[in-house]
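The sequence and structure come first.

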Amino acid sequence: MAATQPLPVDLTKLLKPYKGEWVALSQDEKRILGHGKSLDEALAAARKVEEGRPLLIKVPDESVGFVLI
């Protein structure tokens, strides 16, 4: 059986309000669990909302598209 490739996920609209910040995403990449100016702030906020390992992303300051593959 051949392995399937994950589909790209466009996070541009979801991350737009957080330019220049660290963002903690849910494992399904659909919800913002926390955000902040530092990685520690984003992680602490995420841990208040949900257990587990969030996906941590530094959102660029520039207006660019953001797609996870």
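E21 sits in the loop between helix 1 (12–15) and strand 2 (22–25). Helices (H or I, at least four residues) and strands (E, at least two) are DSSP runs, numbered from the N terminus. The model is predicted: local features need pLDDT of at least 70, side-chain atom pairs count only at pLDDT 80 or more, and totals for chains, interfaces and linings use all residues. Residues are numbered from 1 along each chain as its sequence is written, and side-chain values use heavy atoms, with hydrogens and water left out.

E21 is buried but has no salt bridge. Buried means under 20% relative accessible area, exposed over 50%, partly exposed in between (1.4 Å probe, protein chains only). A salt bridge is a side-chain nitrogen of Lys or Arg within 4 Å of a carboxyl oxygen of Asp or Glu. For E21, the nearest side chain of opposite charge is K37, 6.7 Å away. Lys and Arg count as positive, Asp and Glu as negative; His and the chain ends are not counted.

Beyond its neighbours within four places in sequence, E21 contacts H35, G36, I57, K58 and V59. Contact means heavy atoms within 4.5 Å.

## A42: inside helix 2

A42 belongs to helix 2 (residues 39–49). A42 counts as buried because its relative accessibility is 0%.

Setting aside residues up to four places away in sequence, A42 touches W22, V23, A24, G34, H35, G36 and L56. A24 is 18 residues from A42 along the chain, yet their C-alpha atoms are 5.8 Å apart.

## E29: a positive phi

E29 lies in the loop between strand 2 and strand 3 (32–36). Its phi is positive, about 60°, although E29 is not a glycine. E29 counts as partly exposed because its relative accessibility is 23%.
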